[in-house]
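Let's take a walk through this one together. Have the picture open as you read, and we'll go step by step.

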Number of protein chains: 2
Amino acid sequence: MGDLYNKYIQRMQKIADVLYASAVLQWDQETYMPPKGASIRARQLATLAGIAHELATDKELGDILNELHASDKLNEKQKKNIAHSLRDYNIRKKYPNSFVQELTLTLSEAFVAWSEAKEKNDYNLYAPKLKKLIALKQKETQLLGYEKHPYDALLDQYEPGCTTHELDVLFNDVKTQLVPFIKSILTKPAPKDDFMYLHYDAQKQWDFGIELLKQMHYDFGAGRQDKSSHPFTIHFCPNDVRVTTRIDEHNLHEMIWSTIHEGGHALYEQGIPQEEYGLPSGEAISLGVHESQSRIWENNVGRSINYWKGNFALLQKYFPKQLKDVNVDMFYKAMNKIQASLIRTNADELTYHLHILIRYEIEKKIIESELNIDELPEYWNNLYLKYLDIKVPDDKQGILQDIHWSHGSFGYFPTYSIGSFYAAQFFDAAEKQISDLHTQIENGNMLPLLQWLRTHIHQHGKTLTAHEICKYISGQYLNFSYFMNYVKNKYSDIYNL
Amino acid sequence: MGDLYNKYIQRMQKIADVLYASAVLQWDQETYMPPKGASIRARQLATLAGIAHELATDKELGDILNELHASDKLNEKQKKNIAHSLRDYNIRKKYPNSFVQELTLTLSEAFVAWSEAKEKNDYNLYAPKLKKLIALKQKETQLLGYEKHPYDALLDQYEPGCTTHELDVLFNDVKTQLVPFIKSILTKPAPKDDFMYLHYDAQKQWDFGIELLKQMHYDFGAGRQDKSSHPFTIHFCPNDVRVTTRIDEHNLHEMIWSTIHEGGHALYEQGIPQEEYGLPSGEAISLGVHESQSRIWENNVGRSINYWKGNFALLQKYFPKQLKDVNVDMFYKAMNKIQASLIRTNADELTYHLHILIRYEIEKKIIESELNIDELPEYWNNLYLKYLDIKVPDDKQGILQDIHWSHGSFGYFPTYSIGSFYAAQFFDAAEKQISDLHTQIENGNMLPLLQWLRTHIHQHGKTLTAHEICKYISGQYLNFSYFMNYVKNKYSDIYNL
């Protein structure tokens, strides 16, 4: 059985090699590739994806997995790896070649149509392709199968085990608790934040960001930071995990919190055991748990008063002129200013979840065929009025703002909110379990928190599910009240509620 | 037959996709990869190499090639592509799996042993592995087969069609003509060149190098320059051809001529038709012809008086203090100073070929089993005394200086000299065919030369052989006298011979 398990490992690692080679090409595409290289790069990526798919659907791999699955000679970790891999294998096998080809073609068309529609601010250029894509995603739910709701089938790809029912409960809490809380905040005077938009030299911002990453114990021997138009984290193995950032010389928010956010993602990947390379035990649990790691660092740590009591003096050293009349309390309030806005990616820590709520409601109805796709912009705009009390001036800043649907990613958006909710629940446990956590953070000592995350989350790979990790850490399943308590404490203080 | 030819194209392009994906990983490895990423990167590269090899030795590909080869419905270019691909296919098929595995293992051991031996300056650490490797390379000549000399089989991998006999003639010319010419130069007083070794700021050097590349019409929309410890050119398609450079703040030679050299390689790759991607018609002819392109730009252009009459004022603008007492004539003489030296890569335009001559003589004897490998250092040192009149102080600066043999690259070194000799012969033709070539160069107008190279060499891919291109351009096969005339004219002037 040992030999067979080794065969399994070899096959999985070969697939990983091809997928991570693709990832290097993608990283290069977003950072350094010269513009004319794009068209051939696209075909090189498609070829690697095809090879990885062939390897991952190979009949012999299926035989190996089934034989190992039936064996009683595996240890616990091995059993879990085989169960994960067999599940993935069977899912891949549910897609007929004809479907994959049609989907690939439609995705490519939809992406082109979306790009053009966004540029020309004309949703009608996108609608026909979006309809076609949605029909295929609906078909995909049938191919995959589901117990209760077709949306479950899509959700499961990003957040295994998560259901529409679970999300309905969570987003109902958002509607009944967070929405009125935000409304009460918005009746109060907004903190002063004009100093965030002075001129901040790009190189100095970069250098400050590097200091923050080092303080988080991001390992620059096993990673690096570069610039890209949209910040991201990508890994080729736990010893090569890279982040990117974006710098706006007239908006200090941009670099600081995107750097901490991506740093959080990267610490997760750097904390996964390298010896599990290619296996489920060497992979992150889910998108939601991944997002919990970025959000803990970005928000629970990086937008806390203690973090800035420790770091504000350093920031002032970098920007003495811009911040000469600003103290740490003013800075803390400015970074936590709440305001309704049009664009999800620019939203604050609270209204962000209303953007997700809107997308979730729309996605569910789309998959249920309960929305006329031609009327999507109107529906979108009405929801922005309803939840954010904001009028959407055009589709570019409305229905066309996100790339996700043109990529076929339905069921992805909710993981952003789930991540923040997990973050609050995990951070609550960390506060209870780590002595003087806030003092440590104020002293710039991030090691206790990092080690706690390593021990409780990172090192496990996929050997625990998201539900299991959550229960293991906090004693219960995901519960919105942790997030609500966190924001109530924090913002009642900031806004004198 | 059109369908079958298209199948051939698809298979070749798929192989190219995998190989060029590997190239992206290699580029990254040499430029930006964090140090801890190395071990997994090595296995990712090995996996891609294995996949490419599987695709390139697939039986169905062989059937397609044989059927197309027998067809009379192909046009001339198609016939040449099929002939090339079939030849490559048949060569690959000559390697038994057991041989490939043993060679791969031995190469890996030899590289480790060489690295350690070089670091510790102890040839004996390397000798056993080198012996094993040489035995395998000798076996390889038997597997590949050859008409006259076993070395031909190895040479043919880098310089198709080139023979040991041809090299014997060339290097005999080197011995009888170039060696005495260099000796006569070295009796004359050396030009002053101390100003080349003042402090030259790295960023300013970088900026100047970029200006030189732009002047050569290196397309930055289809490429980029980065830094690496050894300068190189690499391509992923004609629209993504990258160069690297190395900057020494106390040696102006390093950046300038390595930049022009790599720029010359890159212009070749950027000039190959993108629509021939993956096919022999979309590949460079040989290493020797590739080197001719780098050497034409580096030496025939980049170390000429006219080039610097055009560019020296700009260089002075970058470094007014360092070059205030230097005029273009002094600069020209300094860059062309001839002196015997220990290290090949630092050698001047003339003594360089004595370094290659020495390696060629040794490689031939090694493959003929006429050398005792344990006595290689002594043999090496004697040749340096004989041809360069220089005493080798230790093996690190002697037999261990080059990486090539530890990579199994026997038959590679001669292509460096062949490249320079082709360069002289091609440049002679360009001078005759382009009106006022030297004036154009002096005026900074490199387009006439580039267009001539595009037309006569770049655009053809492998549809002409090196011998054919040479005859087509100059009316005759490779002839050392072009190089000798070039250097005689140039250096007689510089050294008042």
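How many residues of chain B are in contact with chain A? There are 38 of them, and they touch 38 residues of chain A. Keep in mind that what you're looking at is a predicted model. Between them, chain B and chain A bury about 3,100 Å², with 58% of that on carbon and sulfur atoms. Look for B:Asp17, B:Tyr32 and B:Lys36: they supply 18% of the area that chain B buries against chain A, more than any other three residues.

Now for the charges. Ten salt bridges turn up across the interface of chain B and chain A. One to find is B:Arg242 with A:Asp28, where the closest N and O atoms are 2.7 Å apart. There are also 22 residue pairs in polar contact between the two chains.

Which parts of chain B do the touching? α1 (2–31), α2 (38–56), β2 (233–237) and β3 (240–245) each supply at least two residues of the side of chain B that touches chain A. α1(B) gives the most, with ten residues.

Terms used: Residues numbered from 1 in each chain as written. Chains lettered and ligands numbered in written order. Predicted model: local features only at pLDDT ≥ 70, side-chain atom pairs only at ≥ 80, totals over all residues. Heavy atoms only, no water. Contact = heavy atoms within 4.5 Å. Buried area = accessible area lost by both parts, 1.4 Å probe. Salt bridge = Lys/Arg side-chain N within 4 Å of Asp/Glu carboxyl O. Polar contact = N/O pair within 3.5 Å; in protein donor to acceptor, adjacent residues only side chain to side chain. Helix = DSSP H or I, 4+ residues; strand = E, 2+ residues; numbered from the N terminus.
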